[in-house]
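I opened my notebook to look up how the two chains meet, and then what lies inside.

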Amino acid sequence: MNHPSELKLERHLLDPSRSSVQSHVEGCGDCQSRLALMEKQGEDFRRFVYPATLDKVLEPHTRFRFTPLKALWLAAPAMGLAAVLVMVTRGPDKDYIGEKGGFELTAYAALPDGTRALGNGDTVPANASLRFHVRTKKECALSILSIDASGQVSKLYTQDVRGDVTLSGGVRLDGKEGPERFFAVCGPGYAEVDQAARHVGESVREMQALPGVKAPQSSLLIEKKQ
Amino acid sequence: MGGDHIAELYRQWGPAIYRRCLRLLHDQEGARDATQEVFRKALSSPEKLSDPDLALPFIYRIATNHCLNERRNSGRRGETELADLDMPSDHPDFPTRRLVQRVLSRFDAKTQSIAVGVLVDGMEHEEVADALGISRKTVSRKLQRFLEHARKYLERSAA
């Protein structure tokens, strides 16, 4: 059986009503699987790639563009200081696990009433944009990923960091209600972190640390609401 | 063109570019970087991005050329081998497809795009011609030459 080319499937995704391969796709499990994968990759683009790369794409065309993500970028250093002050004065809450190894993760959300640092368990709009800030005393091969209510693991960042670093780009949440936990790990490399994350499954609310990872790590739980 | 219009075009066409780059590079971070580069190149012809009938073959062409170029460069740097192009092993053309993987890097950029389009993506000659902005005759001629040279190359390798 000759399957439609990738380009024809792209046209099909773009406008199924004008698709020349509609009848084939309806009866072809392989093509339906390919389309499902393509849709997931498109969703990955919208969630992770678009927010992380938009500023660079726009750079040559606009001198300055004020967006929620840019607001987060500008606010991050001040918000980082505020978050530190809150930790110093209030002390870590019972879910906080970020102090070990001098490693901390803070997330900032662009909300209708302004940018704010998120606390563990905070509720945010399901399609909010987030930016991340990490603090590490030692040089660190950082991995950040997220796990949603279904146990799906999404890779967000892998890069070397040291000191106070606001990570470039950002993440747009997927618009689905439910919990999502972000894990930041310093050291062991993404493959090991990813493998540990796949053991978390649907226990994102309870699992505050990635099991079996012997490295400084920090996590943050958010609740997405429509 | 205003920033908002560019952002909207990027949101519209970015997924297709990202998928194409993922397929050719097999690396999420590489595909992420390539996607923004490809889109920035595509912005040199904004009128094509605004026309849905023209946009898809246009970005497909730029993405294919860019990512094959990335693969060539990373191959030269010793970072990756070309042998990881995504080819289903149960396809009837599988032996030919394996041939493509082994010898692709020895050919010029346009021939590579044609070979990948026909032998990897399973596109018809006319579709490749349309996507790459060349004649169908050119596709046939370059593909024929590619296959002849590829077979000779493999025979020499085997000898």
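I began with one pair: D130(B) forms a salt bridge with R11(A), and the closest N and O atoms are 3.9 Å apart. I took a salt bridge to be a side-chain nitrogen of Lys or Arg within 4 Å of a carboxyl oxygen of Asp or Glu. Between chain A and chain B I found a count of seven salt bridges.

I noted that this is a predicted model, in which local features need pLDDT of at least 70 and side-chain atom pairs count only at pLDDT 80 or more, while totals for chains, interfaces and linings use all residues. Residues are numbered from 1 along each chain as its sequence is written, chains are lettered from A in the order in which they are written, and side-chain values use heavy atoms, without hydrogens and water.

Next I looked up the contact (heavy atoms within 4.5 Å), which takes 32 residues from chain A and 34 residues from chain B. The buried area, meaning the accessible area (1.4 Å probe) that two parts lose on being put together, summed over both, is about 3,100 Å² between the chains, and carbon and sulfur atoms give 58% of it. On the chain A side, E6(A), L7(A) and F45(A) supply 20% of the area that chain A buries against chain B, more than any other three residues.

Last, I turned to F39(B) and asked which residues it touches. Leaving out residues up to four places away in sequence, I listed V57(A) from the other chain, and I6(B), L9(B), Y10(B), I17(B) and L49(B) from chain B.
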